[in-house]
Amino acid sequence: MSLDCKKNKILSKISKILLPVLVLCWMMVIFWFSAAPAPESSEMSYTVGLQIGKIAVADFDAWTTEEQNAFAEKIEYPVRKAAHMTEYAILGLLSFTFYRGILKKEKRQFLAALLTAAVYAATDEFHQYFIPGRSAEVMDVCIDTLGASIGLAILFFTLKVVRKHCQKSKLTLQ
């Protein structure tokens with residue numbers, strides 16, 4: 001057995017252990033965010049809204065404190081939903097990578113990753129039902145699943161472009 005072959009087997013074993021751990025760790029991160037009571041969660045989104053204002057609005061520092069607060073409050077909801085979508089886009093990508101080592105057909109890898117994210121989103125909403133000031137919303141499951149779908153769609157098209165580029169490179173090398 002060659003050194004490359006041994007190296008590939010070791011990397012394969014490591015990835016079979018590491019990938020499910022990464023997926024579970026990311027699920028724990030999502031769970032941790034969801035466990036925050038409503039006021040704490042809103043404060044996080046509000047703080048991010050203030051930071052967005054400082055970065056994206058040219059004269060934000062010249063605004064009054066009331067204007068800055070109004071801006072942050074106005075974008076708190078979209079910030080929160082964008083955070084949810086991003087969390088689940090990452091979960092979708094990690095899940096896809098995990099399923100890549102288990103399922104042979106790429107279509108099934110994408111579907112399994114999407115299903116994992118959707119089911120976890122539903123269980124996460126159920127978990128939020130028991131957190132003070134939070135609720136379980138079907139719309140949030142849809143938003144989370146949309147985030148996973150967007151992440152997986154970006155991956156799908158990226159893979160398509162890379163494969164097309166690799167095919168062209170093979171043709172020009174011959």
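Val23 counts as buried, at 7% relative accessibility. Buried here means under 20% relative accessible area, with exposed over 50% and partly exposed in between (1.4 Å probe, protein chains only). Val23 sits in helix H1. Helices are DSSP runs (H or I, at least four residues), as are strands (E, at least two), numbered from the N terminus. Leaving aside neighbours within four places in sequence, Val23 is in contact with Leu91, Leu94, Ser95 and Phe98. Contact means heavy atoms within 4.5 Å. The C-alpha atoms of Val23 and Ala82 are separated by 20 Å, and these residues are 59 apart along the chain.

The model is predicted: local features need pLDDT of at least 70, side-chain atom pairs count only at pLDDT 80 or more, and totals for chains, interfaces and linings use all residues. Residues are numbered from 1 along each chain as its sequence is written, and side-chain values use heavy atoms, with hydrogens and water left out.

Now the pockets. On a 1 Å grid over the protein atoms alone, a pocket is an open set of points where a 1.4 Å probe fits, with protein on both sides within 12 Å along at least five of seven lines; lining residues have an atom within 4 Å of a point. Grid points are joined across faces, edges and corners, and a volume is the space filled by probe spheres set on the points.

| Pocket | Volume |
|---|---|
| Largest pocket | about 290 Å³ |
| Second largest pocket | about 190 Å³ |

The largest pocket is lined by 16 residues; Phe33, Met44, Ser45, Ala83 and Glu87 are the closest to its centre. Helices H1 (3-34), H2 (38-56) and H3 (65-100) each give two or more residues to this lining. H3 supplies the largest share, 7 residues. By class, the lining of the largest pocket has 8 nonpolar, 5 polar and 3 charged residues. Ala, Val, Leu, Ile, Met, Phe, Trp, Tyr, Cys and Pro count as nonpolar, Asp, Glu, Lys and Arg as charged, and the others, Gly among them, as polar.

The second largest pocket has 13 lining residues, and the closest to its centre are Arg80, Lys81, Gln128, Arg134 and Asp140. H3 gives the most to this lining, with 4 residues. Its classes are 2 nonpolar, 6 polar and 5 charged residues.

Arg80 belongs to helix H3. At 15% relative accessibility, Arg80 counts as buried. Its side chain makes a polar contact with the side chain of Glu76 (2.6 Å). A polar contact is a pair of N or O atoms within 3.5 Å; within protein, one must be able to donate a hydrogen and the other to accept it, and residues adjacent in sequence count only if both atoms are side-chain atoms. Not counting residues up to four places away in sequence, Arg80 touches Ser41, Ser42 and Ser45.
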